[in-house]
Amino acid sequence: MKFINNLKYLKAFSLTFFVASSMFAQEIINDTAVTETKVADSVKPFSEIKVDGVAAVVGEYIVLDSDVDKTILQLKANGNDLSQFSDCELFGRLLEDKLYAHHAIQDSIVINDAEIRSYVNQQVDRFKVNFNNSEEEMLKFYKKDNLKSLKDEMFEINKANRLASEMQKKIIDDVEVTPDEVRQYFNDIPKEERPVFGTELKVAQIVIEPKVSKEAEQKVIDKLKGFKKDVEENGASFSAKALFNSADTGSKRTGGRLPTMNRAKPQMVKEFREVTFSMQEGEISEPFKTEYGYHIVYLEKIRGQEYDARHILLIPEVSEAEKQEAKERLETVRKSIIAGDISFEDAAREASDEIKTKYEGGLIRNPETQDFTFPLTKMPTEIYTEIQDLGENEVTEIVSDYTRTGNVKYKIYTVSDRIDEHEANFSRDFLKIKELALNEKRLKAIAKWQEEKIMDTYIKIGGVYKDCEFTNNWLKK
């Protein structure tokens, strides 16, 4: 029953992560005088704690009775199926979330407040859209008197969630499995309990992108240079330029403002980082190119390793003639494959414009497993729709898709291999079995960490939850 039992633990593990990403009220406890007994924490002693209406206290955090109800409502509103979890299981996961956040603080895990506030601003902008951009209606729904109080609460929620997430990540970051451990894990599963993997497909593609003309590229470069000149020489607003001109829909609403960049934690593409980190505060860059299009960057502030910047993105337009030329080029490749003049694999290496797949013979890599097989039930819809009726060695008609910059590109697909439903085989399914073994080892690391930290942390359970039979020893019996 080992494999089945591990699936139960995995269910609890997955709940931990989606609870950590949901919104629920929380606050830091102040030492207030009531009648609780003093208990020593691993980091600091806690004296008396007010427990009226408190469902639980975990370290420096409390969970109110109302917080539990809010969490359940929020999870249901987000479409989560809670039927497989009891109230006690859900409450236990909330306690875990607080335990992670508490010890993240004790372990001095640093969270970028500016990044959190930037994310909150984006959240509020998205929320507002749901209320026809009415701030008044939004505040009424969230029962807040003003925008600042809403943002402050959202900041605390997001920061605590990020602390919990970073603590979880720290626990499992260094957990690895060797090939011998994977083999041992597989051999320990009784044959009658070995997992059955469903039908899987390997899909290959050839992608042709219309070429952008030099004239179109120069047009956006000149336009960006004009923006730069107008701001520097005429005092125009960079933010206004971004708001009305930038093709980056994620940042244009905030005047091109980007999440705080950190030299130690690279997030943006290489070209963007190189330009931004070489600039002086208050400077506007010359136009430069990334895979997304052409940019100019305004560096507002440098704080040590942190950079606050805004940008404007423009994307060169592709002409109809260039689109037609690309489509005809791909049709020529398609006909050569069908005629047997060249294999799909060789044609991909020779003609495809997508670097990620062309040198793999067009094979599309599964982002979840990093191999080339997709479970039939998890095949991306846009791909499955095209290949579902393909026979062996057949090729689809030309399919239109879009690049990250919004320009059209053209594709053809083929199914290069089909693996029917089968019992797990160590050689064929090594990567999947390795992932199962790694998950088991991670679960053991988390269980060990929780066991130690629960005994080392002030925890108080109140109300009806005292009668719960928790998986973890929250009641310290």
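Trainee: In which sense do strand 1 and strand 2 pair, parallel or antiparallel?
Mentor: In this predicted model, where local features need pLDDT of at least 70, side-chain atom pairs count only at pLDDT 80 or more, and totals for chains, interfaces and linings use all residues, strands (E, at least two residues) and helices (H or I, at least four) are DSSP runs numbered from the N terminus. Residues are numbered from 1 along each chain as its sequence is written, and side-chain values use heavy atoms, with hydrogens and water left out. Two strands pair if DSSP finds at least two bridges between them. Strand 1 (residues 54–58) and strand 2 (residues 61–64) are joined over 4 bridges, and the sense of their pairing is antiparallel.

Trainee: Which residue in the turn of the hairpin has a positive phi?
Mentor: V58 stands opposite Y61 in strand 2. The hairpin formed by strand 1 and strand 2 leaves 2 residues between them, and the one with a positive phi, of about 60 degrees, is G59.

Trainee: Which cysteines form the disulfide, and why is it left-handed or right-handed?
Mentor: A disulfide is counted when two cysteine sulfur atoms lie within 2.5 Å, and a search of the whole structure finds 1. The sulfur atoms of C88 and C468 are 1.9 Å apart. C88 lies in helix 3 (residues 87–106) and C468 in the segment after strand 13 (459–461), so the pair ties together parts that are 380 residues apart in sequence. The torsion about the S-S bond of C88 and C468 is about -75 degrees, so their disulfide is left-handed.

Trainee: How are helix 3 and helix 6 oriented to each other?
Mentor: Axes are lines fitted to C-alpha atoms over the stretch in contact, with angles running from 0 to 180 degrees between N-to-C directions. Helix 3 and helix 6 (residues 147–172) pack at about 85 degrees, their axes 7 Å apart. Angles under 35 degrees count as roughly parallel, over 145 as roughly antiparallel, 65 to 115 as roughly perpendicular and the rest as oblique. The two helices, helix 3 and helix 6, are therefore roughly perpendicular.

Trainee: Is M379 buried or exposed?
Mentor: M379 is found in the loop between strand 9 (374–375) and helix 15 (381–387). Not counting residues up to four places away in sequence, M379 touches L201, V203, F374 and Y384, where contact means heavy atoms within 4.5 Å. Buried means under 20% relative accessible area, exposed over 50%, and partly exposed in between (1.4 Å probe, protein chains only). With a relative accessibility of 7%, M379 counts as buried.
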